[in-house]
Amino acid sequence: MAGSSLNRRSLIAGGGAILASGLLVPARAAGLAPTPTMRGGSNNYRPGAPIVERIGGGGFWMTGTVRRAGDGAPLPGQRIQIWAHTTEGHERDQRSHGATLTDANGEFRLEMPQIVPAFGQPHGHLAYDSGEFETVFLRPVMASARDKTLAAHFVLQPV
């Protein structure tokens, strides 16, 4: 291989991996890793928040997907709780909490009031806590307080 250089970028682009022996072998997917719980994600969590059609007056959309760790299969019928500091209430207010279920494709979507900055950052909180899989709390931060959507994606590990 005169004149060629092997670096991380060329290795990944070529779909290979180098073993300790120095041999180049094809890379293999190890499966989809579970989503770790985010620090601060469980702040103001309310166990058993009701499943709702919409939180408050709406105007903002929280969306995402729920998949199984390993094979990445979509998980229908999974309960996702959502809460945030919005134009209509604080994270700790019961009226700022609600839950929704994933559809047949493992996707969820819930309308809520516009998220506004709390502690300097516009962010939402989401939780998977139904018990079939390990509990995961997420706290995604919005790029801008003017955004009208925020997506969060769960990859769940069976209990």
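Two strands count as paired when DSSP finds at least two bridges between them. Keep that in mind for this tour of a predicted model.

**Stop 1: an open sheet**

Start by selecting strands β6, β3 and β9. These three strands form an open sheet, arranged in the order β6-β3-β9, and their pairing is mixed. Now color the edges: β6 (107-112) and β9 (149-156) are the edge strands, each pairing on one side only. Neighbouring strands in this sheet are turned against each other by 20° on average, with direction ignored.

Next, zoom in on β3 (residues 60-68) and β9. The two run parallel and are joined by eight bridges. Which residue of β9 stands opposite Val66? Select Phe154 and you will find it there, across from Val66.

**Stop 2: the nonpolar core**

Stay with Phe154 for a moment. Together with Leu126, Phe154 has the most contacts inside the largest nonpolar core, a group of 22 residues. To see where the core comes from, show β3, β4, β6, β7, β8 and β9, the elements that give two or more residues to it. Strand β9 provides the largest share, four residues. As background, nonpolar side chains in soluble globular proteins tend to be buried together.

Now select Leu126 and show its surroundings. Leaving aside neighbours within four places in sequence, Leu126 is in contact with residues including Met62, Ile80, Trp83, Phe108, Phe137, Leu138, Ala152 and Phe154. Gln81 and Pro140 are also among the contacts of Leu126.

**Stop 3: the salt bridges**

Side chains of opposite charge can pair when their charged atoms come close. How many salt bridges does a search of the whole structure find? There are three to visit.

- Select Asp129 and Arg79. Their side chains meet in a salt bridge at 3.1 Å, N to O. This pair links distant parts of the chain, 50 residues apart: Asp129 lies in the loop between β7 (124-128) and β8 (136-138), and Arg79 is in strand β4 (residues 79-84). Both Asp129 and Arg79 are buried.
- Move on to Arg68 and Asp71, whose side chains form a salt bridge at 2.7 Å, N to O.
- Finish at Asp93 and Arg95, where the side chains meet in a salt bridge at 3.8 Å, N to O. Buried or exposed, where does Arg95 fall? Arg95 is exposed, with a relative accessible area of 59%, while Asp93 counts as partly exposed at 22%.

Notes: Residues numbered from 1 in each chain as written. Predicted model: local features only at pLDDT ≥ 70, side-chain atom pairs only at ≥ 80, totals over all residues. Heavy atoms only, no water. Salt bridge = Lys/Arg side-chain N within 4 Å of Asp/Glu carboxyl O. Buried < 20%, exposed > 50% of the residue type's maximum accessible area, 1.4 Å probe, protein only. Axes fitted to C-alpha atoms, helices over the stretch in contact; angles between N-to-C directions. Core = buried A, V, L, I, M, F, W, Y, C linked by side-chain atoms within 4.5 Å. Contact = heavy atoms within 4.5 Å.
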